[in-house]
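Please look over the sequence and the 3D structure below before reading on.

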Amino acid sequence: SDVTLKKGHFTGDIKLFTWFNEIKMNTIERKTVIIKLLNENGEPEIIWTLTNAFPKQVQGTDLNSTSSDVAVETIVLAHEGIETTAA
């Protein structure tokens, strides 16, 4: 099934949006995506590897100036396989 990732928005961090915007005529570069769950020391505990992943959906923040909500980005990745390893 698809993998949904959410993260806070940081200034200048547009790599995922750039990748998503490269879609032309239903072609996009598929990539190996590595997701790491880090412990409090910044060391990986669990690693998920997505094979031939590509973005299906990208959603930015609402940009509501009357709200003090945290800006959260969401990306949905389709893939051809997932492997989980313990670090």
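In strand β4, Val-76 is the bridge partner of Gln-57. The model is predicted: local features need pLDDT of at least 70, side-chain atom pairs count only at pLDDT 80 or more, and totals for chains, interfaces and linings use all residues. Residues are numbered from 1 along each chain as its sequence is written, and side-chain values use heavy atoms, with hydrogens and water left out.

**Elements of the chain**
- The protein chain has one helix and five strands; here helices (H or I, at least four residues) and strands (E, at least two) are DSSP runs, numbered from the N terminus.
- Read from the N terminus on, the order of the elements is β-α-β-β-β-β.

**Strand pairing**
- Two strands pair if DSSP finds at least two bridges between them.
- Strand β2 (residues 31–38) and strand β3 (residues 44–59) run antiparallel and are joined by seven bridges.
- Within this pairing, Leu-37 stands opposite Ile-46 in β3, and Ile-34 has Thr-49 in β3 as its bridge partner.
- β2 and β3 form a hairpin with five residues between them. Gly-42, in the turn, has a positive phi of about 80 degrees.
- β3 also pairs with strand β5 (residues 81–86), in the antiparallel sense, over six bridges. Here Trp-48 stands opposite Thr-84 in β5.
- Five bridges link β3 and β4, again in the antiparallel sense.

- Is Thr-74 buried or exposed? Thr-74 counts as buried because its relative accessibility is 15%; buried means under 20% relative accessible area, exposed over 50%, and partly exposed in between (1.4 Å probe, protein chains only).
- Thr-74 lies in strand β4 (residues 72–78). Leaving aside neighbours within four places in sequence, Thr-74 is in contact (heavy atoms within 4.5 Å) with Thr-4, Leu-5, Lys-6, Gln-57, Val-58 and Gln-59.
- Asn-52 is in strand β3. The phi of Asn-52 is near 50 degrees, a positive value in a residue other than glycine.
- Asn-52 has 29% relative accessibility, so it counts as partly exposed.

**The chain as a whole**
- Along its principal axes, the C-alpha trace of the protein chain spans about 45 × 40 × 25 Å.
- Of the 87 residues in the protein chain, 20% are buried.
- Among contacts in the protein chain with a separation of 6 or more, 60% are between residues 24 or more positions apart.
- The protein chain has an accessible surface of about 6600 Å² (Shrake-Rupley method, 1.4 Å probe). Carbon and sulfur atoms account for 52% of this surface.

**The largest pocket**
- Rolling a probe the size of a water molecule over the atoms shows where empty space is left.
- A pocket is an open set of points on a 1 Å grid over the protein atoms alone, where a 1.4 Å probe fits, with protein on both sides within 12 Å along at least five of seven lines; lining residues have an atom within 4 Å of a point.
- The largest pocket holds about 250 Å³ of space.
- Its lining has 13 residues, and the closest to the centre of the pocket are Thr-61, Asp-62, Leu-63, Asp-69 and Val-70.
- The lining of the largest pocket consists of four nonpolar, seven polar and two charged residues. Ala, Val, Leu, Ile, Met, Phe, Trp, Tyr, Cys and Pro count as nonpolar, Asp, Glu, Lys and Arg as charged, and the others, Gly among them, as polar.

Key
Points joined across faces, edges and corners; volume = space filled by probe spheres on them.
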